[in-house]
Amino acid sequence: PDEQLDLDDGRWEDIHVVTGALKLFLRELPEPLVPFSHFDKFIAAIKIQDPSLRGRCIRDLVLSLPPAHHDTMKVLFRHLCRVVEHKEENRMSVQSVAIVFGPTLLRPASEEGNMAMHMVFQNQVVEHILNHYGYIFPD
């Protein structure tokens, strides 16, 4: 059923409620924003030592995403870049945003393997996209 949200309801004034709702929405998607088929490719790309090659690989991977994933990622990361611009007030640096959103946006199809190791790379991918937003999503 179509659920109507009253955004004037006082509980939406708390930014943590809104952020929590966004994270929950993204986590509950049947497939993450970075599709399962792309997870290993992004992890491999972030491990590339040469910075310009790494940058091109990640940009090309983002471009290869299905249109709905790509376009949603563009809007989400544009917003997250704005959040980071205000890090002095909100204490949300690129690293903080990556820690919060990395495991939500990129997850392996199965939870087996070294989750702690995955998390480091998941966060690095999000950091990279935030730090290179203009290159990855040229307008």
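I looked up what asparagine 123 touches, and apart from residues up to four places away in sequence I found Ala98, Ile99, Gly102 and Pro103, where contact means heavy atoms within 4.5 Å. This is a predicted model, in which local features need pLDDT of at least 70 and side-chain atom pairs count only at pLDDT 80 or more, while totals for chains, interfaces and linings use all residues. Residues are numbered from 1 along each chain as its sequence is written, and side-chain values use heavy atoms, with hydrogens and water left out.

I placed asparagine 123 in helix H7 (residues 115-131); helices are DSSP runs of H or I with at least four residues, numbered from the N terminus. Asparagine 123 counts as buried because its relative accessibility is 12%, given that buried means under 20% relative accessible area, exposed over 50% and partly exposed in between, with a 1.4 Å probe and protein chains only.

I then turned to how H7 packs on H4, and noted an angle of about 80 degrees with the axes 10 Å apart. Axes are lines fitted to C-alpha atoms, for helices over the stretch in contact, and angles run from 0 to 180 degrees between N-to-C directions. H4 and H7 are therefore roughly perpendicular to each other, the term for angles of 65 to 115 degrees. On the H4 side I listed Met73, Phe77, Leu80 and Cys81, which meet Val126, Ile129 and Leu130 of H7. I sorted the residues of this contact by class and got seven nonpolar, no polar and no charged; Ala, Val, Leu, Ile, Met, Phe, Trp, Tyr, Cys and Pro count as nonpolar, Asp, Glu, Lys and Arg as charged, and the others, Gly among them, as polar.

Next I looked at the largest pocket, which holds about 380 Å³ of space. A pocket here is an open set of points on a 1 Å grid over the protein atoms alone, where a 1.4 Å probe fits, with protein on both sides within 12 Å along at least five of seven lines, and lining residues have an atom within 4 Å of a point. H1 gives the most to this lining, with five residues, and by class the lining has eight nonpolar, four polar and no charged residues. The lining residues include Leu80 and Met92.

Finally I followed methionine 92, which lies in the loop between helix H5 (87-90) and H6 and is partly exposed, with a relative accessible area of 23%. Methionine 92 and leucine 80 are 12 residues apart in sequence and 9.4 Å apart in space, C-alpha to C-alpha.

Conventions
Helix = DSSP H or I, 4+ residues; strand = E, 2+ residues; numbered from the N terminus. Points joined across faces, edges and corners; volume = space filled by probe spheres on them. Parallel < 35°, antiparallel > 145°, perpendicular 65-115°, else oblique.
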